[in-house]
Amino acid sequence: MSAPDTSPAAAGPVLRSATLDDLDAVWSLETSVFGAEAWSRSMMREELVGDHRDYRVLVDGRGRVLGYAGMLALGAEADIQTIAVHPDVRGTGQGRRLIDALLDGAEARGVNEVFLEVRADNPVAQKLYESLGFEGIGTRPRYYQPEGVDAIVMRLAMGGRTRSGRAMEDQA
């Protein structure tokens, strides 16, 4: 019987703060995931280095960026700007890890409410956000271009934050 592989490459992906050194990998993932809706490279660069931003990357043991997520936080409010997960790790809880990391950061900054937009035709993402305590509060018609897909605007009151399907009060 062989010993389990405990090399860094065999370990699960690691979350860390994004840096400008991640720009090429993040932008490559951005364009592969979002296609025609992808942000420009210069826009992504500004997001990574901009004031009041919190960007996280998910990196495998070989240093490959498997996902990223970003938030803009000003005062008591924050907005999740983007999230992308490589198809190889979708459905494994990595998107939840990224969002949880952003929400932890929001909590540390004293944020009371977090907002996001999600495509109306993406029920998987909607269910993830709902499981974290987000509620739909409105619709932005034809928000996602060029397809003209509506965006559902969602809000999370940090006091109602849910982790792994349980309210924070249940964890106390």
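Biologist: Which residues of helix α4 (residues 123–131) are buried?
Modeller: They are Ala125, Gln126, Leu128 and Tyr129.

Biologist: What makes you say that the buried residues of α4 line one face of the helix?
Modeller: Looking down the axis of α4, they fall within an arc of 160 degrees, so they share one face. The arc is taken from the directions that run from the helix axis to the C-beta atoms. Buried means under 20% relative accessible area, exposed over 50%, and partly exposed in between (1.4 Å probe, protein chains only). The helix itself is a DSSP run: H or I over at least four residues for helices, E over at least two for strands, numbered from the N terminus.

Biologist: Good to know! What should I keep in mind about the model as a whole?
Modeller: This is a predicted model, in which local features need pLDDT of at least 70, side-chain atom pairs count only at pLDDT 80 or more, and totals for chains, interfaces and linings use all residues. Residues are numbered from 1 along each chain as its sequence is written, and side-chain values use heavy atoms, with hydrogens and water left out.

Biologist: Which residues sit on the face of α4 turned away from its buried side?
Modeller: Val124 and Lys127 do, and both are exposed. After α4 comes Gly133, with a positive phi near 105 degrees.

Biologist: Which residues are buried in helix α2 (residues 41–49)?
Modeller: Met44, Glu47 and Leu48 are. Their arc around the axis of α2 is 95 degrees, so they too line one face of their helix.

Biologist: What covers the buried residues of α2?
Modeller: The cover includes α1 (23–34), β2 (53–59), β3 (65–74) and β4 (77–85). Contact here means heavy atoms within 4.5 Å.

Biologist: Why is the pair Tyr129 and Phe134 called edge-to-face?
Modeller: This is one of 2 aromatic pairs in the structure. The rings of Tyr129 and Phe134 are 5.9 Å apart, centre to centre, with 65 degrees between the planes. Rings of Phe, Tyr and Trp (its six-membered ring) pair if their centres lie within 6.5 Å; planes under 30 degrees apart count as stacked, over 60 as edge-to-face and the rest as tilted. The value of 65 degrees therefore makes the pair edge-to-face. Tyr129 has 6% relative accessibility and Phe134 has 2%, and each counts as buried.

Biologist: What do you find for Arg155 and Glu113?
Modeller: Their side chains meet in a salt bridge of 2.5 Å, N to O. This pair links distant parts of the chain, 42 residues apart: Arg155 lies in strand β7 (residues 149–157) and Glu113 in strand β5 (residues 113–119).

Biologist: How close do Arg140 and Glu117 come in their salt bridge?
Modeller: Their closest N and O atoms are 2.9 Å apart. Arg140 is in strand β6 (residues 135–144) and Glu117 in β5, so the pair ties together parts 23 residues apart in sequence. Arg140 is partly exposed at 37%, and Glu117 is buried at 18%.

Biologist: In what order do the strands of the open sheet run?
Modeller: Its 7 strands follow the order β1-β2-β3-β4-β5-β7-β6, with mixed pairing. β1 (14–17) and β6 are the edge strands, as each pairs on one side only. Two strands pair if DSSP finds at least two bridges between them. Parallel β4 and β5 have 3 bridges, so they meet that rule.

Methods
A salt bridge is a side-chain nitrogen of Lys or Arg within 4 Å of a carboxyl oxygen of Asp or Glu.
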